[in-house]
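Please view the sequence and the structure first.

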Amino acid sequence: MTTNPDVWHSTAVASSGATQNGPAGAAIAGRANILEMTQATEDAVLRPADPGTWPHDLRTALASRIARLNGSDALANKYREMSGTSAHSALADPSANSSNKAISAALVFVDQVATQPKDISADDIKVLQAAGVADADIVRLTEVVAFMAYQVRLTAGLALLAEMKS
Amino acid sequence: MSDVLHKFTKTVPHWRPRVEPVDLKTATDEQLDALQVTPSNTKVSEYVLVLAHDPQSLKVRSPLFNAIMYDAGGLSRSERELGAIGASMVNRCIYCAAVHASRHVQIEKDDTVIDQIFANGENADLSPRDRAIFDFAIALSKSPSQAGPKEMSALQEAGLDASEILDLVLSSALFGWANRLMHVLGDPVRKAV
């Protein structure tokens, strides 16, 4: 089976170390459509045409921060590089904060949704609203964290498959 | 609010948004396109109307979701649901757990597995194959690094091949995403009778 080469260069597959000739090569090729759609969702979530209040460099910095919080260094480094060098890109470091009220509230929210989503309550949404974040931007921000939860787990799973013993 | 549900249930609750959903009357063309609203299809859930605030993400996520849960081959439908349920329990998404528990019951025409899981959580009494699948989904959902070679070997010993394991990774990971939308942006509440 020939697979679109883009699959092997997609962020998740490339970061996992999985290869075409590895133990999971055929399985990955069999789900090429899903991995291509995964890359399309990364583009939509991290580089959308209408980013609202969260610009692209902030989104990729948050993606890097979330990957780091989840122990996924390969992904964290990749997104950190995409974020470039700006005031926002420094927020990729999980210990970094912002003096901007909305961004500072967003960071608290992002860190908690990324690592302890079960503890999120209605009050956490009210905190964002009180910091001046519009409802549409709350949804946009939640999509970034939610997509990254998928991406770090997919990449970790692909890495396990790449090391699988037959 | 007192009507919010905190316990896992097979009865699908009502989902009450914590942010204002998009109003169909004032929705943009891009939002209507992502919502797939047509003259013959004007019934859209509040959840999807909330997600329509970010139409570009909504539009690409729906086909991805369907491919991961329903594409032919690989892991069985009910075993993909088990991955989704494991994730939803770790993330305490009562709504997602209810929807996918009821699908599991529907496919299996039996609720023994779901009753076990909801009664005993991680200590549920399961067949070796369901045990390995559920344990892997729980570990990957808690933290990606918790799913390791030990959990992988258990899957292989239970008879899963690489394609089936990839489908389990995908369905469990997908619910890391879905749970963070559903559980974060709204509350599960009792359906009005």
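In this predicted model, the side chains of A:Asp111 and A:Arg65 meet in a salt bridge at 2.9 Å, N to O; the term denotes a side-chain nitrogen of Lys or Arg within 4 Å of a carboxyl oxygen of Asp or Glu. A:Asp111 lies in helix H7 (residues 101-115) of chain A and A:Arg65 in helix H5 of chain A, so the pair ties together parts that are 46 residues apart in sequence. Helices are DSSP runs of H or I with at least four residues, numbered from the N terminus. Over all chains, 22 salt bridges are found.

The model being predicted, local features need pLDDT of at least 70 and side-chain atom pairs count only at pLDDT 80 or more, whereas totals for chains, interfaces and linings use all residues. Residues are numbered from 1 along each chain as its sequence is written, chains are lettered from A and ligands numbered from 1 in the order in which they are written, and side-chain values use heavy atoms, with hydrogens and water left out.

- Helix H5 of chain A, which holds A:Arg65, covers residues 56-69.
- A:Arg65 is buried, at a relative accessible area of 2%; buried means under 20%, exposed over 50% and partly exposed in between, with a 1.4 Å probe and protein chains only.
- A polar atom of the A:Arg65 side chain lies 3.1 Å from the backbone oxygen of A:Pro94.
- Leaving aside residues up to four places away in sequence, A:Arg65 touches A:Leu91, A:Ala92, A:Asp93, A:Pro94, A:Ala96, A:Leu107 and A:Asp111, where contact means heavy atoms within 4.5 Å.

**Salt bridges involving chain B**

- B:Arg129 and B:Glu79 form a salt bridge in which the closest N and O atoms are 2.6 Å apart.
- B:Arg129 belongs to helix H7 of chain B and B:Glu79 to helix H4 of chain B, so this pair ties together parts that are 50 residues apart in sequence.
- B:Arg129 is partly exposed, with a relative accessible area of 23%, whereas B:Glu79 is buried at 11%.
- A salt bridge at 3.7 Å, N to O, joins the side chains of B:Arg80 and B:Asp167.
- Because B:Arg80 lies in helix H4 of chain B and B:Asp167 in helix H9 of chain B, the pair ties together parts that are 87 residues apart in sequence.
- B:Arg80 is buried, with a relative accessible area of 2%, and B:Asp167 is buried with a value of 2%.
- A:Arg31, B:Arg80 and B:Asp167 are joined into one network by salt bridges that share partners.

**Contact between chain B and chain A**

- The link from A:Arg31 to B:Asp167 is a salt bridge between their side chains at 2.8 Å, N to O, and the count between chain B and chain A is 1 salt bridge.
- Between chain B and chain A there are 14 residue pairs in polar contact, both residues at pLDDT 80 or more; a polar contact is a pair of N or O atoms within 3.5 Å, and within protein one must be able to donate a hydrogen and the other to accept it, while residues adjacent in sequence count only if both atoms are side-chain atoms.
- H9(B) gives the most to the side of chain B that touches chain A, with 16 residues.
- By class, that side of chain B has 27 nonpolar, 13 polar and 12 charged residues; Ala, Val, Leu, Ile, Met, Phe, Trp, Tyr, Cys and Pro count as nonpolar, Asp, Glu, Lys and Arg as charged, and the others, Gly among them, as polar.
- The contact takes 52 residues from chain B and 48 residues from chain A.
- Chain B and chain A bury about 4100 Å² between them, 70% of it on carbon and sulfur atoms; buried area is the accessible area (1.4 Å probe) that two parts lose on being put together, summed over both.
- In chain B, B:Leu166, B:Trp177 and B:Arg180 lose the most area to chain A, together 17% of what that side buries.

- B:Arg180 is placed in helix H9 of chain B.
- B:Arg180 is buried yet has no salt bridge, and the nearest side chain of opposite charge, A:Asp119, is 11 Å away; Lys and Arg count as positive and Asp and Glu as negative, with His and the chain ends not counted.
- The backbone oxygen of B:Gly176 is reached by the side chain of B:Arg180 at 2.8 Å.

Methods: Helix = DSSP H or I, 4+ residues; strand = E, 2+ residues; numbered from the N terminus.
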